[in-house]
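User: I would like to go through the terms used for this structure and check what stands behind each. Please set every value against its definition.

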Amino acid sequence: MMNRQRLRPVDLARLAGVSTQQVRNYEEAGVLPPAARTDSGYRAFTDVHRRALLTYRSLAKGYGPTTATRIMRTLHDDADVPAALALVDAAHAALHEERVSLRAASEALEALAREQPAPLPPSGLRIGEAAALIGVRTSALRVWEAAGLLAPERERGTKYRVYNPADVRDARLIHTLRRSHYLLDQIRPVLEGLRREGSSAALRAAVTARGAALTARTRAMLEGAGALSDYLGAQLTSAATTTGSTAGGPGPSPT
């Protein structure tokens, strides 16, 4: 039987395109199920290990090596399929949040392109003036500041808040995205991206590139999830076959 055929570390290494030491590392990390040993102490891998290795390699492309290792270790060390699938779910949830932030950035850029903000006085705006210009209450600006989304400067003597053009721009974006029901934590990456890139044009290019990267990652995750599903199916089939042969099923004829 294929499952009983002994494979050496070098055989698995050649199949997966890795070093023999990496194969040993995978077993120690729980990526592979424990291998039997020969009388002389050599590892005796089987087709189960081959499938586990290829499954891990497929998972790592989309989920990353850290998450892929945790998934496989949970299956092999703990034999906990629900916990392993929960790790898969968490990775997809995190990817969804990245897509939400990316969509928020796109909507913010559209809002920036539509608006023609009036020039501000060189001294900036006080909080009441900024709130009136944006169309919100002063309490909203304070909440956004407490959440770390805004950081207006303060006058030296009076300590009054002073909103410069960048502050007003950021407040407009927050207001636009809040009206679209985005959470403050989902808005923060948009503002950070705009400040990091330095302009809406640069952020637009970054958003486009990030969107392409997310699409590629989603496809890789789907392929990895498919490989994991096949691996679990093969494990269940193998377990059922073993149970059937030892629990009343047809066994070997006595000699």
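Analyst: A residue is buried when its relative accessible area is under 20%, exposed when over 50%, and partly exposed in between (1.4 Å probe, protein chains only). The model is predicted: local features need pLDDT of at least 70 and side-chain atom pairs pLDDT 80 or more, while totals for chains, interfaces and linings use all residues. Residues are numbered from 1 along each chain as its sequence is written, and side-chain values use heavy atoms, without hydrogens and water.

User: Why is Thr55 called buried?

Analyst: The relative accessible area of Thr55 is 4%; the limit is under 20%, so the term applies. Thr55 sits in helix 3 (residues 47-63), where a helix is a DSSP run of H or I with at least four residues, a strand is a run of E with at least two, and both are numbered from the N terminus. Beyond its neighbours within four places in sequence, Thr55 is in contact (heavy atoms within 4.5 Å) with Met72, Ala227, Leu228 and Tyr231.

User: What makes Thr74 buried?

Analyst: Thr74, in helix 4 (residues 65-77), has a relative accessible area of 13%, so it is buried. Not counting residues up to four places away, Thr74 touches Ala79, Asp80, Ala83, Ala84 and Leu87.

User: How do you know that the side chain of Thr74 has a polar contact with Arg70?

Analyst: A polar contact is a pair of N or O atoms within 3.5 Å; within protein, one must be able to donate a hydrogen and the other to accept it, and residues adjacent in sequence count only if both atoms are side-chain atoms. A polar atom of the Thr74 side chain lies 2.7 Å from the backbone oxygen of Arg70, so the distance meets the limit.

User: Why is Arg154 called partly exposed?

Analyst: Its relative accessible area is 42%, so Arg154 is partly exposed. Arg154 belongs to strand 3, and a polar atom of its side chain lies 3.0 Å from the backbone oxygen of Lys159. Leaving aside neighbours within four places in sequence, Arg154 is in contact with Glu145, Lys159, Tyr160 and Arg161.

User: How do you know that the buried residues of helix 7 line one face?

Analyst: In helix 7 (residues 138-146), Ala140, Leu141, Trp144 and Glu145 are buried. Seen down the axis of helix 7, these residues fall within an arc of 140°, so they line one face; the arc is that of the directions from the helix axis to the C-beta atoms. An α-helix has 3.6 residues a turn, so residues three or four places apart point the same way.

User: What do the buried residues of helix 7 pack against?

Analyst: They pack against helix 6 (127-134), strand 3 (153-154), strand 4 (161-162), helix 8 (165-179) and helix 9.

User: What makes the second largest pocket a pocket, and what is its volume?

Analyst: On a 1 Å grid over the protein atoms alone, a pocket is an open set of points with protein on both sides within 12 Å along at least five of seven lines, whereas a cavity is a set where a 1.4 Å probe fits but cannot get out. The volume, the space filled by probe spheres set on points joined across faces, edges and corners, is about 250 Å³. Of its 13 lining residues, Leu102, Ala105, Pro189, Arg196 and Arg210 are closest to the centre; lining means having an atom within 4 Å of a point. Helix 9 gives the largest share of this lining, five residues.
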